[in-house]
Amino acid sequence: MLYSAQDFQTAKRRSAGARASLALLIVLLFAAGLLPMLLSRNMLFSIIFSTAFALLAVFLYGMVFSPLFAYRRFMRSAEDGIRHEFSGVFEGNGGESVRDGVRFISMSFRVSQDEEPRLCYFDASLADAGLTQGREYQVTHTGNSILALRPAGEGKGAKGDG
């Protein structure tokens, strides 16, 4: 498998840590701005502080914490999702793309000559898969996300399975 139990635990820890730090940061910033606002009782200061605080909270969530939460959702899906396997000839990479907030490398595999190639997504945060174009691979996936890759005809202990 491409993901070990340790990978799942690391994703959960990073996400929990991100939530805790986001909550702490927001509370501290709010408290730091709330005290002068209450002491001065200046309406303009209150409006500026509230607007700046809201913008900062949205920025922090969108740029820093949202990608961590998206990757945790993906890891949960990889861990708990229904797994399927197919054997197909690797046709090539389609480049990087973002699905549900997670970066992937799209890959196409031809299962048979009659069918269109299957499009699957390989986690871009992992090391390069090192697939050879034209070679047949056994692909384990959930949804369209690749969980394990090994050359067809090799046992379970092959590349990406241990």
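Which residue forms a salt bridge with Glu96? Let's find out by clicking around; keep in mind that this is a predicted model.

Select Glu96 and look for Arg103: the two form a salt bridge, with their closest N and O atoms 3.7 Å apart. Glu96 counts as exposed, at 53% relative accessibility, while Arg103 is partly exposed at 44%.

A search of the whole structure turns up three salt bridges, so there are more to visit, because a bridge needs a Lys or Arg side-chain nitrogen within 4 Å of an Asp or Glu carboxyl oxygen.

Next, pick Arg110 and Glu91. Their side chains meet in a salt bridge at 2.7 Å, N to O. Arg110 sits in strand β2 (residues 102–110) and Glu91 in strand β1, so this pair ties together parts 19 residues apart in sequence. Both ends are partly exposed: Arg110 has a relative accessible area of 22%, and Glu91 one of 27%.

Now jump to Arg150, which bridges to Glu85 with the closest N and O atoms 3.7 Å apart. Here distant parts of the chain are linked: Arg150 belongs to strand β5 (residues 145–151), Glu85 to strand β1, and 65 residues separate them. Arg150 is buried, at 6% relative accessible area, whereas Glu85 is partly exposed at 40%.

For the last stop, select Ile82, in the loop between α2 (43–80) and β1 (84–99). Ile82 is exposed, with a relative accessible area of 63%. Leaving aside residues up to four places away in sequence, Ile82 touches His141 and Thr142.

Definitions and conventions
Residues numbered from 1 in each chain as written. Predicted model: local features only at pLDDT ≥ 70, side-chain atom pairs only at ≥ 80, totals over all residues. Heavy atoms only, no water. Helix = DSSP H or I, 4+ residues; strand = E, 2+ residues; numbered from the N terminus. Buried < 20%, exposed > 50% of the residue type's maximum accessible area, 1.4 Å probe, protein only. Contact = heavy atoms within 4.5 Å.
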